[in-house]
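Please read them alongside the sequence and the coordinates.

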Amino acid sequence: GFNALATNGRYAFVATNAGPASGQLQVIDASSTSPLLLSTFKMPAVTGTGSQAIGQSIFHKDGFVYLGLAKTASGPEFNIVDVHTPSSPVWLGGYSVGNAVNSIFVKGKYAYLATPNAQELIILDVGDPTHPLAVGGYDAPDSVGNGKSLSLVGDTLYLGRTSTASNPELYILNDTNPATTTLP
């Protein structure tokens with residue numbers, strides 16, 4: 001089974017609900033009526049058992065897959081994989097979130113991650129995919145809801161959270177400068 005899917009029109013990139021032993025990314029050639037599994041890829045240096053380290057979220061852009069995992073026992077939960085050759089994915093780099101990556105959105109050289117962390121939004125500079133660096137983020141009021149979903153339209157970032165006690169579940173953020181993302 002799978003937890004998330006991204007496509008470039010010909011290929012489907014699947015975040016599988018399999019763990020590190022079986023591979024968290026599948027690449028499928030969907031160009032015909034009989035889709036063909038091209039590759040199953042395991043994130044290197046990632047460990048976990050049960051529901052740890054399974055594929056959780058995914059985003060595809062310009063020949064790269066940005067794959068978010070459930071919390072790992074060790075290794076990065078955010079991973080960047082080169083899929084320019086879909087049958088032979090290559091892991092480029094990762095970032096340890098310390099928790100699950102529930103949603104990913106990539107624009108320009110920035111990756112936006114929604115997580116259950118106290119800081120529900122983490123913004124990474126992925127200009128060098130081998131060394132993603134944290135450059136910003138957002139911590140919504142209270143510590144009840146988890147970062148769950150993301151969308152970015154122009155310079156407006158929408159962050160959805162799981163339910164909270166008394167604060168909103170939707171935050172509309174000004175993302176003119178990703179390093180200082182704030183409420184509008």
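1. A45 is exposed, because its relative accessibility is 65% and the cut-off for exposed is over 50%. This is a predicted model, and the remarks here should be read as such.

2. The backbone at A45 deserves a look. Its phi is near 60°, a positive value in a residue other than glycine. Most residues other than glycine have a negative phi. As for location, A45 sits in the loop between β4 (36-41) and β5 (55-61).

3. A53 also lies in the loop between β4 and β5. The phi of A53 is near 65°, again positive and again in a residue other than glycine. Is A53 buried or exposed? With a relative accessible area of 0%, A53 is buried, because the limit for buried is under 20%.

4. Elsewhere in the chain, four strands form an open sheet in the order β9-β10-β11-β12, and their pairing is antiparallel. Which strands stand at the edges? They are β9 (103-107) and β12 (133-138); each has a single partner strand, so one side of each has no neighbour in the sheet. On average, neighbouring strands of this sheet are turned by 25° against each other, with direction ignored.

5. Within that sheet, β10 (residues 110-114) pairs with β11 (residues 121-125) over five bridges, in the antiparallel sense. Strands of a sheet pair through backbone hydrogen bonds.

Definitions and conventions: Residues are numbered from 1 along each chain as its sequence is written. This is a predicted model: local features need pLDDT of at least 70, side-chain atom pairs count only at pLDDT 80 or more; totals for chains, interfaces and linings use all residues. Side-chain values use heavy atoms; hydrogens and water are left out. Two strands pair if DSSP finds at least two bridges between them. Helices (H or I, at least four residues) and strands (E, at least two) are DSSP runs, numbered from the N terminus. Axes are lines fitted to C-alpha atoms, for helices over the stretch in contact, and angles run from 0 to 180 degrees between N-to-C directions. Buried means under 20% relative accessible area, exposed over 50%, partly exposed in between (1.4 Å probe, protein chains only).
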